[in-house]
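Let's work through a few exercises together. Have a look at the sequence and the model first, then try each task before you read its solution.

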Amino acid sequence: MVVMVLFAISAGPTGSSDLIFLLRTAPALPPRLLIRRPVSRRSSADRPRPASHRSSSAGSARSSGSCCSSSSAPPPPRRRRFLAGGSDAGRAVATRRVLDMGAGENNPLGAQNAWDMLSEEQSQKHITTGSGDLNGILGGGIHCKEVTEIGGVPGVGKTQLGIQLAINVQIPVEYGGLGGKAVYIDTEGSFMVERVYQIAEGCISDILEHFPHSHEKSSSGNKQLQPEHFLADIYYFRICSYAEQIAAINYLEKFLGEHKDVRIVIIDSVTFHFRQDFDDLALRTRVLSELSLKLMKIAKAYNLAVVLLNQVTTKFTEGSFQLTLALGDSWSHSCTNRVILYWNGTERYAYLDKSPSLPVASAPYAVTGKGVRDVSSNHKRVRVT
Amino acid sequence: MEERMNQDQPSTEGRCGRFWNGMDLLKDVTENKHFLPTGLEGVDTLLGGGLRQGQLTEVTGPSSSGKTQFCLHSASHVAAKHMGVVMYLDTSNSFSPGRIATIIDGTPGLFGQRAYGVQLLGFDLQPKDVRLKSIMRNIICESVFDIFALSEVLHQLEVSLLNDKEKNGGSRIRLLIIDSISSLLAPIIGGKYPQGRAMMISVAMTLKKLADEHNLSVLVTNHMVSAGNGAVKPALGESWKAVPHVRLVISRERGSNMCTATVLKHTLLYAAVFSFPPRWFLMYAGQQQQ
């Protein structure tokens, strides 16, 4: 199987931009990983020829790709082992890997059987959104290892929810949270620090309300419940163009390799820079698909939640204009879960539109001075539509 | 590049592959290429039994129409009836083991059955967890996030299947599911260079070869793109249309749990006029109904 054709160098303005996204972000390999393992020669004759052929072409593809792309995390070890093995040793490794589930701490992207994944999934904590009803329809909160897209009309509270999640992920483990840090990528400039401070204060006061006595008993090693510490653990990136956005997401992998306690990545308005600057819609689709695959990979590899906030646009379907999420049909397949926020009269509602394990449902929520909370009324019921 | 292309030319008779006569083919088809039921009765009726071994089935549909649920149901059913190992390649982190456990718990008639040639001895005495564990250990999930990783995984799979064939006389893997092959191919298809399409066709050929030689059933999902004037069509373009043997379109009305499946293309139907009334299948209640 010929793999190297994708790396043909081409000239021309549109050609080069195509090229950037055709190239795989192959990492710069340290020299020792490219050395083949010493293998016995006797079985190479009856090895099917395409295997060694493919390994050499893929190896050359990697080395040619590495000169043109930014560096990222070192490849998982299983790939190098596979390329080096062209004999029984390699086949044994491949067999063991496919059927014996080589995933684990050091190889989160490997194959796993469903039973192991079930036990992992059940022991995982979710990031609370602040509103009990909203947590209920989401199955406990925002899931880690998944990409959640939240879309809605302007003013319905997307940024508020994003900021609330950035604070809630930092709730310490002893109070039921994840105790992690947050990465906030802001493309619109709607991240108001004073509001973040207010939400952090609201979160702390709620924690102290629920756990009134443990604050005095906390050991000296715990994080002090101060809003300043919550603000200090949010890594903020301000993005001003689509190229910066692509670069930031490429850089994220390296960043997350260095900061292993980040548990959520929020991209406030992933659509903003892609709506006005792109004339070529086909190119935009390709770029966005590549972006979403990278985000999926980051979510799985670093065990964190990725939250994408999206805007709405109007679409002419079935004879009338309807509101749909921006970026087109192909982007709607790029997330694991989707939540749509909408107004119903004077109340804000959230509707779970897409989920692999939960049914569609909607729930009300409110944006208060302390952040996103439940609607404080007597008729609190989750409406299943 | 010329040398490599010439190296690919078959130079000996041994590489040409054996030739089959009609009776060999018929024997192969009746003995090896069975239907794997998906557990959704409407779909099984529509497909004439289920997902056929040796064939590539494509399920396409708009967003949130039930494609991933279709894949999860097929995987659970094949594992629950002990037909073999299921390999699930997931590109959007949508493989939900909790959902698989829920589906398996609802599967009727697991005990005391002679399923697919394997006698289940003593299973009715085992507690629920142990049964669930033994079933779920037969579903292997791997995440792939780009097309090169997919090619590698398929190659490793080919190697291990060949190994299995030599040692055990047949492979344990029966069903290969790629949930959303279109999201892997979307970044490279389009534009003025044909290399992306070449990659797509080479992956398609690998999948069909795996299906045919090792009696796997391959299930892939695709998404929809707009076709102008508000209509939608399956993604991946004209070159992909010829690739799958069977193509299904799923749709779901907003706010409902009923999904509708329609057949777009099928190789086994030999009538001149095809009429495919859509069949409905209920997803979330955990039952299988028409």
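Predicted model: local features only at pLDDT ≥ 70, side-chain atom pairs only at ≥ 80, totals over all residues.

Residues are numbered from 1 along each chain as its sequence is written, chains are lettered from A and ligands numbered from 1 in the order in which they are written, and side-chain values use heavy atoms, with hydrogens and water left out.

**Exercise 1.** Find out which parts of chain A the salt bridge between A:R338 and A:E149 ties together.

Solution. 
- Start with the contact: A:R338 and A:E149 form a salt bridge at 3.6 Å, N to O. The term stands for a side-chain nitrogen of Lys or Arg within 4 Å of a carboxyl oxygen of Asp or Glu.
- Strands (E, at least two residues) and helices (H or I, at least four) are DSSP runs, numbered from the N terminus.
- Then check burial: both A:R338 and A:E149 are buried. Buried means under 20% relative accessible area, exposed over 50%, and partly exposed in between (1.4 Å probe, protein chains only).

**Exercise 2.** Which side chain forms a salt bridge with A:K181 at 3.4 Å, and where does it lie?

Solution. 
- The partner is A:D261, with the closest N and O atoms 3.4 Å apart.
- A:D261 lies in the loop between helix 11 (242-258) and strand 5 (262-268), and A:K181 in strand 3, so this contact ties together parts 80 residues apart in sequence.

**Exercise 3.** Describe how the rings of A:Y251 and A:F255 are arranged.

Solution. 
- Across all chains, a search of the whole structure turns up 10 aromatic pairs. Rings of Phe, Tyr and Trp (its six-membered ring) pair if their centres lie within 6.5 Å; planes under 30 degrees apart count as stacked, over 60 as edge-to-face and the rest as tilted.
- A:Y251 and A:F255 make a tilted pair, 6.0 Å centre to centre with 55° between the planes.
- These two are 4 residues apart in helix 11, so about one helical turn separates them.
- A:Y251 is partly exposed at 38%, but A:F255 is buried at 7%.
- Finally, zoom out: ring pairs link A:Y235, A:F237, A:Y251 and A:F255 into a cluster.
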